[in-house]
Structure formats: C-alpha cells, structure tokens
Amino acid sequence: MPSHASHFSISLSHRGFSHDWELLGVSGTVAIKGSIDTLKKLSSPLPSETKACVQLFSSAGIGGWEHISWGAYASLLAQQSKGMHFQKMELEWMGRLAGTFQLEEASRRVGVKEGAQEVVLVRLAPKDKENKKRLAATIKAISLHEKKVEFGKTIPLPKTWSRSAEEFAIERSALTGV
C-alpha cells in the first residue's frame, strides 16, 4: 500500500453550503490509552466551536487523503440536506468512510483501537485563519508524532478487484449512501 504525505489541506465548497469549509489532516503515530479519553482530548481545545469536527481514524482502514476528503464532502452534503444517519458529524463521517452505518462495524473498520498505532487526525471546520493553530493544539493534546503512514492495510479487496485500495474504499463509501 502506498504511503502519502503527512500533511493535507483542501477547501470544500458547494453552492448549498452556508460556509466554505477547510479540511486539514495530519498523519502519524499515537498511543491510545482509552478511546473515550482520546476523543475527549480531541474536543478539549475547541470548547466554543460548534461547527468544527475533529476526528481520529486508523490509517489502516482508510484508503488515503482522497478517501477522507470524499467522506467529509459527503457528510457535509448529508448535513445540508438533513439526510444524516447519525446526529453527530463525527459519526456520520466515520460511517461514510467505513462504508457502513452500523456503528460497531464502522468503528471496527476505521476507528482507533487501544495501543500504539498509525492514525490520521483530521479537522473539518468553516474556513478560518485559526484552523491550523487549532489543529496544532489538538496534535499536542493527544501527543501525536507526525510521520507518513501506510494507508489501507486492512481494507479487504475482492479477488477480482484490479484497482487501488483507495479506489475500492471510495467506491464502497459511495455506495453506503445509496
């Protein structure tokens, strides 16, 4: 599986969105001592922000940065059209990336586990000049060691699939909303 750059940034806009959105990501390694505690740390530097979404995914179940971008965009479209399957954007995004809206299965496919692992930390928020500082605060809060990671190690490819794991992950994700 290919590794990708450790940093990622893209703008997401659509005529129906109330804001232009910014998706920032960083990959690396982190030691998880308890998923709930880690997720609480993710939101702690952002107490006043209600529209920002910060999420930590296992790189093993993610196809790559394009897969993450697609999931963010699909989740924003679902939110805008009031078609979300979950009440929280973080869970909607996880379900779309995993290719299932069964929470336990989605968590198994792309969620973080306890222990040391390669992860992708992403922040989706309305465009703001402070977003990079807020992402840096989250990186520090969870003690993420930035580095390139290998994406898609646990994505099960069908034997007849001839394209990349990222293409399979995006296609599986796209079919989830159908």
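Predicted model: local features only at pLDDT ≥ 70, side-chain atom pairs only at ≥ 80, totals over all residues.
Residues are numbered from 1 along each chain as its sequence is written, and side-chain values use heavy atoms, with hydrogens and water left out.

**Overall architecture**

- The protein chain has six helices and five strands, where helices (H or I, at least four residues) and strands (E, at least two) are DSSP runs numbered from the N terminus.
- Along the sequence, these elements follow the pattern β-β-α-β-α-α-α-β-α-β-α.
- Of the 178 residues in the protein chain, 48% are buried; buried means under 20% relative accessible area, exposed means over 50%, and partly exposed lies in between (1.4 Å probe, protein chains only).
- Among contacts (heavy atoms within 4.5 Å) between residues at least 6 apart in sequence, 74% join residues at least 24 apart.

**Strand β2 and its partners**

- Strand β2 (residues 21-32) is largely enclosed by the rest of the structure, because ten of its twelve residues are buried.
- Strand β1 (residues 7-12) runs antiparallel to β2 and is joined to it by six bridges; two strands pair if DSSP finds at least two bridges between them.
- Within the pairing of β1 with β2, S11 stands opposite E22 in β2.
- Twelve bridges connect β2 with strand β4 (residues 115-126), again in antiparallel orientation.
- W21 has P126 in β4 as its bridge partner.
- Strand β5 is also antiparallel to β2, and two bridges join them.
- T29 has H145 in β5 as its bridge partner.

**Loop residues with positive phi**

- K82 is a residue other than glycine with a positive phi, near 60 degrees.
- K82 lies in the loop between α2 (65-80) and α3 (89-98), and K82 counts as exposed because its relative accessibility is 76%.
- S143, likewise a residue other than glycine, has a positive phi near 55 degrees.
- S143 lies in the loop between α5 (131-141) and β5 (145-146), and S143 is partly exposed, since its relative accessible area is 45%.
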